[in-house]
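Look over the sequence and the structure first. Then read on for a short tour of the fold.

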Amino acid sequence: MAEAAAGTVHLSGPCRRRIRELAEAAWPHEACGLLEGHAIGRNAHVRRVLACRNEHERPAERYLIDPEAFLRADRAAGRAGRAIVGVWHSHPNGAAWFSQTDRAEAWPGWSYLVAAIERGRMCALQAWHVGTDVQAQRIVPR
């Protein structure tokens with residue numbers, strides 16, 4: 001049985017620009033961070049884009065968010081009445097697809113934004129929702 005539509009990610013212009021700035025600044029390495037806001041069903045309403053240091057030993061190929069940094073961000077989001085609703089990261093010199101590694105490490109119920117970077121510039125941003133399978137989400141301005 002097919003899973004229902006993956007929903008949407010509501011993302012403001014400033015949040016999109018913040019992802020672009022951080023992803024381009026990290027190139028040729030992967031940039032990464034968290035998405036803070038509210039999730040309602042399969043829809044994520046992003047209120048804040050958080051930057052995290054890429055802790056992976058091969059940052060040009062993968063990303064890793066420090067668990068302590070995640071816990072601090074999660075607690076701060078809770079104090080603000082919000083939650084961590086997903087992750088964003090970049091694919092330097094790649095496409096905005098959700099890789100096998102991304103799938104293997106994804107948390108069900110979250111949205112994942114992948115920024116494609118070509119020659120140091122963001123050329124695409126795609127959202128993915130992880131449920132029983134992975135589906136593309138629409139990104140809509142809020």
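## Ground rules

A residue counts as buried under 20% relative accessible area and as exposed over 50%. Asn93 has 53% relative accessibility, so Asn93 counts as exposed. Keep in mind that this is a predicted model.

## The barrel

Seven strands form a closed barrel. Their order is β1-β3-β2-β4-β5-β6-β7, and the pairing is mixed. On average, neighbouring strands are turned by 35° against each other, direction ignored.

Look at one pair of strands. Strand β6 covers residues 121–130, and strand β7 covers residues 134–140. The two run antiparallel, and four bridges join them. Which residue of β7 is the bridge partner of Trp128? The partner is Ala136.

## Helix α1

Helix α1, residues 13–26, packs on the sheet. It touches β3, β4, β5, β6 and β7. The direction of α1 makes about 35° with that of β3.

Helix α1 has 14 residues. From first C-alpha to last it reaches 20 Å, close to the 20 Å expected at 1.5 Å a residue. Its buried residues are Cys15, Ile19, Leu22, Ala23 and Glu24. These buried residues pack against β3, β4, β5 and β6.

## Helix α2

Helix α2 runs over residues 67–79. At 1.5 Å a residue, its 13 residues should span 18 Å. The end C-alpha atoms are 18 Å apart, which agrees.

Which residues of α2 are buried? They are Ala69, Phe70, Ala73 and Ala77. Seen down the helix axis, these buried residues fall within an arc of 100°, so they line one face of α2. An α-helix has 3.6 residues a turn, so residues three or four places apart point the same way. On the other side of α2, Pro67, Glu68, Arg72 and Arg79 are exposed.

The buried residues of α2 pack against β2 (32–40), β3 (43–52) and β4 (83–92). The direction of α2 makes about 135° with that of β4. Gly81 follows the helix, and its phi is positive, near 80°.

## A buried glutamate

Glu36 is found in strand β2. Is Glu36 buried or exposed? Glu36 has a relative accessible area of 1%, so it is buried. Leaving aside residues up to four places away in sequence, Glu36 touches several residues, including His45, Arg47, Arg48 and Arg82. Ala77 is also one of the residues that Glu36 touches, and Ala77 is among the buried residues of α2.

## Aromatic residues

How many aromatic pairs does the structure hold? It holds six. Take Phe70 and Trp110. Their ring centres are 6.0 Å apart and their planes meet at 45°, so the pair is tilted. Phe70 lies in helix α2, and Trp110 lies in the loop between α3 (100–105) and β5 (111–118), so the pair ties together parts that are 40 residues apart in sequence.

Both Phe70 and Trp110 are buried. Trp110 has 13% relative accessibility. Trp110 also pairs with Tyr112. This pair is tilted too, with 6.4 Å centre to centre and 45° between the planes. Tyr112 is buried, with a relative accessible area of 3%. One aromatic cluster is formed by Phe70, Phe98, Trp107, Trp110, Tyr112 and Trp128.

Most residues other than glycine have a negative phi, and most peptide bonds are trans. Some places here depart from that pattern. A cis peptide bond joins Trp27 and Pro28, with omega about 20°. Pro28 sits in the loop between α1 and β2.

Two other residues have a positive phi without being glycine. The phi of Asn93 is near 55°, and Asn93 lies in the loop between β4 and α3. The phi of Arg119 is about 50°, and Arg119 lies in the loop between β5 and β6. Where does Arg119 fall, buried or exposed? At 70% relative accessibility, Arg119 counts as exposed.

Definitions and conventions: Residues are numbered from 1 along each chain as its sequence is written. This is a predicted model: local features need pLDDT of at least 70, side-chain atom pairs count only at pLDDT 80 or more; totals for chains, interfaces and linings use all residues. Side-chain values use heavy atoms; hydrogens and water are left out. The expected span of a helix is 1.5 Å times one less than its number of residues. Buried means under 20% relative accessible area, exposed over 50%, partly exposed in between (1.4 Å probe, protein chains only). The arc is that of the directions from the helix axis to the C-beta atoms. Contact means heavy atoms within 4.5 Å. Rings of Phe, Tyr and Trp (its six-membered ring) pair if their centres lie within 6.5 Å; planes under 30 degrees apart count as stacked, over 60 as edge-to-face and the rest as tilted. Two strands pair if DSSP finds at least two bridges between them. Axes are lines fitted to C-alpha atoms, for helices over the stretch in contact, and angles run from 0 to 180 degrees between N-to-C directions.
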